[in-house]
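Here is a short note for a colleague who is opening this structure for the first time. Please keep the display at hand while reading.

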Amino acid sequence: MTGATPLLETTSLTRRFGGVIAVHEVDFQVGDGELRCLIGPNGAGKSTFFRCLSGQLRPTAGRIRLAGHDITGDGPHAIARRGVAIKTQVPALFDGLSVLENVRLATWRCGSRAARRRRTEDVLATIGLARQASRPAGELPHGQRQWLELGLVIAGDPRLMLLDEPTAGMTRSEVAETADLVRRLAEGRTIIAVEHDIQFIRMVADSVTVFHQGQILTEGTVDAVLRDRAVRDVYLGHGRDAGAC
Amino acid sequence: MNRLRDRAGLLAAGVAGAVLIVVIPAVTEVYVQFELTLFLIFAILALSLAWVWGFGGILSFGQSLFFGLGGYTFAVAVINLGESTLPVLLGILVPALLAGFLGYFLFWRRISDVYLAVITLAASLIFYYLIGASAGSQYRIGTALLGGYNGIPSVPPINVPGAPAQPVVYGDLYVLTAIVLAIVYGGLRWLLATDFGRVVVAIRENEERAQLLGYDVRTRKLAIFVIGGGIAGLAGVLFAAWGAYVSPNVFSMTFTAQIIVWVLVGGLGTLSGAVIGCVLVQAVMTWLGEAKLADTNLVLGAGFVVLVLFARRGLVPGLRDLLARIRRLGRGPR
Amino acid sequence: MDLALVVGLHLMHAIASLALVSIGLAVIFGMLRVINFAHGEFLMVGGYAFVLSAGAGVNLWLAMLVIAPAAVGMLGYLVERLVIRRLQGDVIATILATWGLSLFLVGLAATVLGYHQQGVAPPFGTIEIGSYTIGIYTFFVIGITVVVILALFAWLRWSRAGLLVRGTMQDGELAAGLGADTVRIRSATFVLGSALSGLAGAVLAPLAGVLPEIGATYVVKAFITVISGGATALTGTTLAAALFGLTSQAAAFLSRPVVGEVALLVVAVVLLRVLPTGITGRYFRKAL
Amino acid sequence: MLPCYHLTRAACRIGGVARPGALQPHIDLCPAFSTGDFVTLLTRRTFLEGLAASAALPGLGTRSAHASEPIPVGAIYDLSGPLQGFGQNQWRCAKLALDQINESGGLLGRPLDVKLYDSQSDMQFYNQFANQLALRDRVAVVQGGLTSSSREVIRPILRRLETLYVYNTNYEGGVCDRNFFATGATPGIYVDLLLRAAAERWGKRVYVLAADYNYGQISAQWIRRGALALGGEVVGEEFFPLDVNQFGATISRIQAVEPDVVLNVFVGPAHEAFYGQWASAGMNQRIPMMSTTFGGTSEIVRMPPEVVNGIMVIGSYYESLDYPFNQTWLAEFRRRNGTDYGYLTDVPIKDWYGWMLWAEGVRQAGTTDREAVVAALEAGISVDGPGGPLTIDARTHHCFMNTHLAEARDGEFRILERYQNVPPTNPADQCDLQARPDTNTMYTPDI
């Protein structure tokens with residue numbers, strides 16, 4: 001976990017929306033090859049944190065470094081070109097285009113036409129959508145939409161993958177399949193995933209970071225974090241509040 | 001299925017092109033060709049908006065700006081130079097440059113939809129007022145008087161390159177315009193089939209995702225806008241040459257709205273729709289001007305409202321839906 | 001000194017006129033996100049309703065403050081019912097439909113109402129400010145604009161209906177889920193916007209005259225004003241009207257009228273470049 | 001000798017069956033190639049048919065006609081769109097002339113067959129329809145157009161296609177073209193007469209409000225010159241774009257300057273807002289107002305008398321003229337058109353004159369052939385009409401006409417003075433089509 005230079009490092013990263021501080025001076029590091037899960041109750045700032053990392057939001061203050069390069073304030077395309085890919089919470093796809101065209105658009109870094117075609121086929125096979133290749137993405141059922149987006153994320157062979165709730169809305173068996181897929185993808189790559197599903201986290205994560213009220217509450221291995229009293233308070237406390245209404 | 005439709009579309013476009021370029025000049029009288037020339041010039045202009053708006057997602061109320069600027073640039077240059085080759089090129093280049101400047105101004109600040117529409121509209125109207133206020137002999141560029149709202153009359157025609165004594169007028173201008181339209185249409189189709197074009201379509205489908213895949217949306221939009229500006233400018237050149245005349249009216253709200261109407265009537269998101277919509281609307285307007293059945297505005301306005309109610313997405317998509325439905329009916333219920 | 005006062009009054013009048021012609025569009029665009037290209041023609045119909053009923057012997061104020069808004073409100077009801085509602089919020093289809101409507105209304109006015117309606121002279125007399133005279137009607141225009149804006153503001157802020165309208169505009173589905181009849185609310189909002197356009201058309205008719213094409217004079221500026229105002233229609237439009245009215249009149253006064261027109265447009269372009277979501281996209285977000 | 005197109009050598013080699021693109025647009029002389037040949041080229045049906053028929057197709061205006069075959073004539077008016085306020089009455093007046101000609105047996109024993117087009121207030125339609133009239137309908141004459149831009153669209157086309165053009169609107173003046181006749185008045189004379197009337201009544205310090213438009217700009221130059229000549233001065237001058245309708249600041253400035261008289265040259269519906277604002281500020285009781293354009297679109301019946309009473313105007317025609325001809329003419333006009341047409345002033349009425357002048361030219365020439373008709377018209381033809389006689393000036397192809405000073409009063413124009421047979425403006429004899437028949441230009445008066 002403590003490599004020479006971390007692949008991704010944020011220092012005092014802050015993002016405000018008017019008077020609300022969604023992300024508050026977060027210092028965060030992730031090492032090369034690591035698979036990290038972010039957890040935390042709704043509104044803890046995980047998605048905002050992600051959107052800052054991907055360049056969709058401009059941080060109010062603080063710095064983001066990727067493999068030593070300062071990428072703070074870069075546009076999303078520039079960050080993507082540095083090898084950061086994000087799977088958004090609600091799948092963002094090219095709905096009017098076919099599954100094949102969707103994936104092919106994501107393979108632009110793969111060089112020649114032939115290489116791109118090969119890569120496209122590989123990805124379709126990996127996400128198990130080869131038979132749906134000519135269907136418009138807009139017509140896919142929910143679970144397959146999630147996989148297709150994962151396919152877009154891996155197609156460019158990124159160094160760092162940001163997965164925002166990859167199992168949201170999935171059935172039990174789909175979650176297991178997805179976890180399997182993510183584990184396979186993780187080989188040789190760095191992944192940060194926002195997830196609620198403990199099952200999934202246990203299956204894939206090396207370590208876990210807990211967000212609370214825009215800040216990092218704690219970090220550690222899956223088991224250590226899940227035993228942490230503060231973490232349980234945060235989660236259970238919220239659960240009780242929710243039930244009270 | 002998709003590919004089949006594409007191929008059928010391409011075939012239809014090819015046939016249409018051949019009819020326009022070869023058949024029509026052989027079977028029609030010159031005044032018909034003269035009128036058709038205008039429709040085709042407007043069709044080129046409509047294509048520029050169909051491209052910028054339908055594929056680039058840029059709601060430009062400023063296509064008239066590039067069109068008018070193309071016309072004015074050509075008129076001023078050809079009056080000064082006497083030979084049309086360079087003026088034609090300038091008539092494309094100057095609007096494209098302005099589009100580049102305006103695009104840089106707009107897309108690097110992520111201004112979108114209605115705000116972009118207002119900025120481009122305002123830019124067009126600025127030209128309308130400024131050129132409108134240029135009546136008087138002190139407003140001249142070289143030997144060309146700008147002429148205020150009266151415009152620039154007696155603009156020399158386009159000539160065979162290098163031969164100012166051989167003008168391209170009437171039937172020849174028709175053929176030239178038809179070829180230009182075919183090239184612009186074919187060129188845009190080709191562009192859409194390239195990698196660049198795929199990204200353009202991707203941006204229209206989901207701008208955020210395109211960015212997250214590493215595509216710089218701003219430069220793409222800029223390229224789209226510049227190409228659209230150049231095409232509109234070219235249409236403006238042909239317009240000035242066709243009528244030997246250009247006036248600030250081309251910068252007006254009415255004219256710019258007309259371009260939008262052509263595209264919407266034909267169907268946003270298609271290229272053929274822009275051509276069909278434009279020719280149809282212009283032909284109906286001309287016909288009303290000859291027939292004088294009723295107030296043109298009344299008939300045209302009612303027509304648009306009815307069209308929207310029955311084919312909300314325009315004629316070409318509406319027809320496609322209709323065909324698909326008939327085909328499904330033919331196959332019988334399942 | 002007198003000149004400064006008089007010029008100041010004219011500036012206020014210009015701002016008020018701009019706000020008044022924009023307010024109906026602001027309600028319709030701001031609340032419903034419908035770009036109504038027939039807005040200028042709604043003003044025109046308001047002017048005709050006023051002039052025709054006043055010509056028929058109806059009391060001037062009844063014609064201006066009741067009949068004209070009611071007539072255009074009714075027109076708005078029909079338009080919403082027959083066209084806008086069927087388009088289900090399809091912005092692009094609405095552009096074409098309202099543009100068609102605009103042409104249709106111009107054509108209708110030209111053929112049915114004709115070009116030769118006698119106008120109405122501005123009522124009231126004049127007052128003297130030093131060696132200058134100024135029409136009392138100028139004050140009336142300023143006054144009625146202020147009243148309309150304040151009333152609208154109060155209605156949105158404090159009434160139950162206003163709350164419903166705001167809720168529907170924020171999140172139609174949510175409001176519907178909470179039991180609001182959003183279809184009726186949208187319809188009512190459209191009618192309100194139309195009626196305000198009718199009122200504006202009538203108030204300005206004694207100064208501007210009525211002709212079938214008079215709408216074209218208003219629609220561009222109203223459009224630019226409302227959109228530059230940004231997301232919160234009422235405050236935004238008022239601020240934008242103040243800014244644009246002030247710059248264009250000041251520029252016209254210091255230089256020549258064409259400079260005033262161009263100044264308005266340049267300010268709009270620069271404004272939207274600096275604040276890409278309009279004035280209230282950035283500031284005054286909590287306003288209405 | 002008329003300008004014409006001629007073929008290049010390459011085209012001549014294949015026996016005259018060339019594509020029109022091979023034609024030279026130079027306005028120079030080419031005796032070897034006749035008008036008919038050019039027209040043949042333009043109207044050929046197909047390339048092959050052209051081969052066979054090129055010699056057989058008749059040329060424009062030279063068509064030999066049977067005795068009773070109608071004479072096609074062309075009219076372009078803005079019957080819809082923003083300019084229809086002018087266009088509809090222009091057409092009513094033109095129609096009256098055409099009907100009267102046909103009802104009295106037509107011309108040369110042939111009826112007139114009018115091809116009417118609605119240009120919809122849109123310049124591009126002038127272009128389309130002018131070409132259609134010349135190429136398809138092969139009319140003997142085209143009349144119509146309103147704005148200067150419409151005229152400058154039509155004029156070169158009809159000159160090139162050798163079809164006579166008569167333009168019947170007041171305009172800024174200066175067109176000098178043998179193929180073109182203008183029955184409208186130009187501002188130079190109007191301005192001088194108005195300024196003189198103002199000097200007699202109120203004084204010589206003039207404040208000018210004009211449309212920021214060619215007509216307005218040139219009128220303002222005439223006003224400056226006229227005021228100087230009278231020993232007066234222009235104490236203020238403002239130009240308004242065509243859709244400005246806020247005049248508050250201007251009115252204050254006028255109040256500050258206190259001119260003896262305000263002279264306006266407004267154009268279009270937006271500018272009409274001025275009168276209401278002027279009256280609202282009580283100015284119509286304080287400073288006299290004159291206009292060269294007021295009245296053209298029935299303002300006198302559309303605007304309340306308390307707003308427009310007292311505005312002084314000048315023009316060749318008002319309904320209230322007491323010529324006997326006018327009484328019968330107006331009765332006839334109303335019999336055919338009803339009374340819901342507004343109020344006629346000199347803009348629409350000239351379209352009646354225009355057709356009558358041309359008809360008289362045809363009668364004198366005994367043919368509709370363009371050359372002969374032009375020659376006949378240049379002989380100084382005069383027709384009497386509701387506004388008094390109108391006579392062609394051979395040198396400028398513009399007209400002498402009676403001109404009247406009038407004042408708006410309770411929905412009518414009260415005639416104050418009459419000036420007989422006022423000549424067209426032609427400063428320093430810029431235009432002399434007798435001495436220089438090949439001139440084809442539009443002069444800007446050197447003021």
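1. Order of elements. Read from the N terminus, chain C runs α-α-α-α-β-β-α-α-α-α-α-α-α-α. That makes 12 helices and two strands. Please bear in mind that this is a predicted model.

2. Overall dimensions of chain C. The radius of gyration is 19 Å. A compact globule of 288 residues would have a value near 19 Å, so the two agree. Along the principal axes, the C-alpha atoms fill a box of roughly 65 × 45 × 35 Å.

3. Inside chain C. Of its 288 residues, 60% count as buried. Now take the contacts between residues at least 6 apart in sequence: 74% of these join residues at least 24 apart.

4. Chain C against chain D. How many residues does the contact take from each chain? Chain C gives 41 residues and chain D gives 37 residues. On the chain C side, the elements that supply two or more residues are α1 (2–32), β2 (132–135), α5 (136–158), α8 (182–208), α9 (214–229), α10 (233–254) and α11 (257–274) of chain C. The largest share, seven residues, comes from α1(C). By type, this side divides into 21 nonpolar, 17 polar and three charged residues.

5. Chain C against chain B. This contact takes 36 residues from chain C and 33 residues from chain B. Which elements of chain C give two or more residues to this side? They are α4 (91–113), α9 and α11 of chain C. Helix α4(C) has the largest share, with 16 residues. The side of chain C that touches chain B holds 25 nonpolar, seven polar and four charged residues.

6. α9 and α11 of chain C give two or more residues to the side that touches chain D.

7. Four strands form an open sheet, with antiparallel pairing, in the order β2-β1-β4-β5 (chain A). β2 (20–30) and β5 (69–70) of chain A stand at the edges. Each has a single partner strand, so one side of each is left without a neighbour in the sheet.

8. Pairing and packing in chain A. Strands β1 (residues 8–17) and β4 (residues 61–66) of chain A pair in the antiparallel sense over five bridges. A:Glu9 has A:Arg65 in β4(A) as its bridge partner. Helix α1 (residues 46–53) of chain A packs on the sheet and touches β1, β2 and β4 of chain A. The direction of this helix makes about 65° with that of β2(A).

Note on methods: Residues are numbered from 1 along each chain as its sequence is written. Chains are lettered from A and ligands numbered from 1 in the order in which they are written. This is a predicted model: local features need pLDDT of at least 70, side-chain atom pairs count only at pLDDT 80 or more; totals for chains, interfaces and linings use all residues. The radius of gyration is taken over C-alpha atoms; the globule rule is 2.2 Å times the number of residues to the power 0.38. A residue is buried if 20 or more other C-beta atoms lie within 10 Å of its own, exposed if 12 or fewer, and partly exposed in between; C-beta atoms are placed from the backbone. Two residues are in contact if their C-beta atoms, placed from the backbone, lie within 7 Å. Ala, Val, Leu, Ile, Met, Phe, Trp, Tyr, Cys and Pro count as nonpolar, Asp, Glu, Lys and Arg as charged, and the others, Gly among them, as polar. Two strands pair if DSSP finds at least two bridges between them. Axes are lines fitted to C-alpha atoms, for helices over the stretch in contact, and angles run from 0 to 180 degrees between N-to-C directions.
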